[in-house]
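User: Can you walk me through how to read aromatic rings and strands in a protein model? I'm new to this.

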Amino acid sequence: MNVITYCLKIENDSSDLYYKEISLISDKVVEKIKSSHSLIINNFVSFIKRSGIEECRSNEEYILEFLTIGVLLLVYEDRAKKLKLIPQKALSYLSRVRNNTKILKPGFNKLKGILSTMFLDKNQIDSISFEKVYFSDFINLLRWMEASGDFKFSLERLVNWYKFLKSESKEYKNEVISKAISAAKWFKIEGSKSLSKYTWGVNNFLVKNHPGYRFREDVLFCGRKEIEYHLNMVGAEILNKVFRKDFIKTKSKMVLVPSCMRFHNDANCKVKKTDKGYFCASCSEACKVNKLSKIGGKHNFKVYMIPHESEAFSKGKILKREIGVVGVACVLNLLEGGWRAKSLNFIPQCVILDYCGCKNHWHKEEIKTDINMGELKRVLQI
Ligand code: SF4
């Protein structure tokens, strides 16, 4: 098999072992941060309740956010520090307008690729070399994330931490940030030990292929480090566990799948456009989307195909009633997708593509992707 960055199938051509392992690893990560940093998490929960900035979420979700701060600082702190104010403002503005226009989007995408390569992707060295981190580094990171336009919903989560810390003492702010870094350093080692067998292709891809992504719109997305893959894997599992009970209770459910799972290409696929995504017209018995849609017909869930990750929930309307959604996506879209779905009041679950291969980002001719059907059935309880 042509592994581009990751592959969950390592035993008997199946990803069953991955799903067993990730469940154990995610529990271990939650327990470790709970035992080492419970005071910070409790203080943050108290702040959320006191300030009323959002309905209080579970400790596990806040633990994941705390870990995300550390991991993103490890990866981007150096680049964030180097980003000057004018390109930061220009890129942030570009990200906002780009999301609100369909006609001009291709032009804006080109511009984003050029500016991102020039100002956001400068340093490929792991920022892990730095010794001391401060609250000001966290602020730089938030600005960098805003400018990138690729972290919209992660940013939304982390801004609450900024609101929490900004009125605390200087010592406490710096202490929280440095503890998030310690948690991320521990996670980097643990993640490598257990998950590198699934993500061994990432470093190879970054060295051999990623230089060819210069000036492309997805230069940052495809340039993610291995630790970010691990964060997405563990984070998705944490969110799946948190939302599972509520998801099962929802009366209406849907599954969103990427177009790289279908049998035919754009020219021959007969999908019909609806306001929720594309609906399969059953033109091919060999098509996995068609098979999934038939299972949906029997078990009362709808299947929609989404041509690009940015188009999932693109209407951006906050739901009045709860709908369960299973997002099928490649590893790098899991956390953003989960947080985006939750921000619109969906009750999310996810199933990971066993490997990536879409032509939007990874392969010129596209490799047809697949999922672990057993895992999808387990998630949907069918
Ligand atoms: S079966 Fe459905 S998703 Fe598959 S190629 Fe045909 S219309 Fe497209």
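Analyst: Let's start with an aromatic cluster: Phe-44, Phe-47, Tyr-62, Phe-66, Trp-161, Phe-164 and Tyr-172 form one here. Rings of Phe, Tyr and Trp (its six-membered ring) pair if their centres lie within 6.5 Å; planes under 30 degrees apart are stacked, over 60 edge-to-face, and the rest tilted. This is a predicted model, where local features need pLDDT of at least 70 and side-chain atom pairs pLDDT 80 or more, while totals for chains, interfaces and linings use all residues. Residues are numbered from 1 along each chain as its sequence is written, and side-chain values use heavy atoms, leaving out hydrogens and water.

User: How many aromatic pairs are there in the whole structure?

Analyst: A search finds 20. Take Phe-44 and Tyr-62: their ring centres are 5.0 Å apart and their planes at 85°, so they sit edge-to-face. Phe-44 belongs to helix H1 (residues 16-51) and Tyr-62 to helix H2 (residues 59-82), so the pair ties together parts 18 residues apart in sequence. Helices (H or I, at least four residues) and strands (E, at least two) are DSSP runs, numbered from the N terminus.

User: Is Phe-44 buried or exposed?

Analyst: Buried means under 20% relative accessible area, exposed over 50%, partly exposed in between (1.4 Å probe, protein chains only). Phe-44 is buried, at 0%.

User: Which strands does E1 join through bridges?

Analyst: Two strands pair if DSSP finds at least two bridges between them. Strand E1 (residues 252-258) has five bridges to E5 (residues 323-329), running parallel, and six to E4 (residues 301-306), also parallel.
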